[in-house]
Amino acid sequence: MSYIKVDTDASGNDVKLFYQDLGTGNPVVLIHGWPLSHSMWDYQLAELPAHGMRVIAYDRRGFGKSTQTWDGYDYDTLAADLKAVLDTLDLQNVTLVGFSMGGGEVARYMSRYGGARVSKVAFVSAVTPYLLKTEDNPDGVDQSVFDEITENLQKDRADFLQTFGKQFYGVGLLSKPVSQAHLDGDFYRAYEASYRATLDCANAFATTDFRDDLTQIHVPTLVIHGDDDKTVPIEASGERTANAIPSAQYIVYDGAPHGLYVTEKDRLNQDLIAFIQEGVTVREPVGVTTLY
């Protein structure tokens, strides 16, 4: 198994991130969402390397097979971990793809490190630009929603994760976009994470303001979001992220839930491949798109 040392903890122990590295070509780094691990990208890891790409996916600290630290779940630290991955593997001309919570790492990395080594970025169902509703962010999500998440995690993490998984994919009485077997797999991925990491990361993506970070992105950008996302509502996230980066290509998946990397896997793979290989579509003020 492959690990990258990114830090040492307060006791001097190494903090290591587990990663997979597949294929050859310009590198694509996949950053997973909460509360899962890098293996959520199974369908992308199986397809993107077949199109002349080197694809790297890693487990965030506290999740998957990476070190379960006591602290370090703020976005500055997580962005530093991403930098260590890029530096250690000496990656150049990188496309960063951040899903959900991972979109925050993309934004903070681009701002804090000037986009070093990165040529393109993609936000998929991302939490940017700022989820929490405040006086200067009236379109955000009420604090009570995040308080309920914390309360339910503290009360019964296993039960919360099973319920959350259904919302993640839009599973209902009549809607079965993923199998029970897939939900069971996600439960394992999520429950493998540390309790501390799960709680602290939920607080991080709920309360971190990425509005200034997005203004520092000056590379081709892709924003993809489902308009039936009940986990990270498109009005508070995808739409505002696209508006904050006027040159971004913005694609809305009609009827898609949060976990569109599974429910819309073929379309997502095609859109990512086209964006990485063929250029970027720029939104014009009148809604017309052109390719350059």
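Tutor: Start with Glu105. Leaving aside residues up to four places away in sequence, Glu105 touches Ile31, Tyr58, Arg60, Tyr75, Leu78, Ala79 and Leu82. A contact here means heavy atoms within 4.5 Å.

Student: What are the ground rules for these values?

Tutor: This is a predicted model, where local features need pLDDT of at least 70 and side-chain atom pairs count only at pLDDT 80 or more, while totals for chains, interfaces and linings use all residues. Residues are numbered from 1 along each chain as its sequence is written, and side-chain values use heavy atoms, with hydrogens and water left out.

Student: Why is Glu105 called buried?

Tutor: Buried means under 20% relative accessible area, exposed means over 50%, and partly exposed lies in between (1.4 Å probe, protein chains only). Glu105 has 1%, so the label is buried. Glu105 is found in helix α3. Helices are DSSP runs of H or I with at least four residues, strands are runs of E with at least two, and numbering starts from the N terminus.

Student: What makes Gly114 exposed?

Tutor: The relative accessible area of Gly114 is 66%, so Gly114 counts as exposed. Gly114 lies in the loop between α3 (101-112) and β6 (118-124). Gly114 and Gln216 are 102 residues apart in sequence, yet 7.5 Å apart in space, C-alpha to C-alpha.

Student: How do you know that Asp21 and Arg54 form a salt bridge?

Tutor: A salt bridge needs a side-chain nitrogen of Lys or Arg within 4 Å of a carboxyl oxygen of Asp or Glu. The closest N and O atoms of Asp21 and Arg54 are 2.7 Å apart, so the pair meets the cut-off. Asp21 lies in strand β2 (residues 14-22) and Arg54 in strand β4 (residues 53-58), so the pair ties together parts that are 33 residues apart in sequence. Asp21, at 31%, is partly exposed, and Arg54, at 22%, is partly exposed.

Student: What makes Arg108 and Asp76 a salt bridge?

Tutor: Their N to O distance is 2.8 Å. Arg108 lies in helix α3 and Asp76 in helix α2 (residues 75-88), so the pair ties together parts 32 residues apart in sequence. Arg108 is buried at 14%, whereas Asp76 is partly exposed at 34%.

Student: How many salt bridges does the structure hold?

Tutor: The structure holds 17 salt bridges. One of them joins Asp209 and Arg211 at 2.7 Å, N to O. Asp209 is partly exposed at 30%, and Arg211 is partly exposed at 23%. Salt bridges that share partners join Lys83, Asp87, Asp90 and Arg117 into one network.

Student: What sets the phi of Asn93 apart?

Tutor: Most residues other than glycine have a negative phi, and most peptide bonds are trans. Phi of Asn93 is near 55°, a positive value in a residue other than glycine. Asn93 lies in the loop between α2 and β5 (94-99). Ser100 also has a phi near 55°. Ser100 is found in the loop between β5 and α3, and is buried at 5%.

Student: Which peptide bonds are cis?

Tutor: The bond from Trp34 to Pro35 is cis, with omega near 0°. Pro35 sits in the loop between β3 (26-31) and α1 (42-45). A cis bond also joins Thr128 and Pro129, with omega about 0°. Pro129 is found in the loop between β6 and α4 (143-169).
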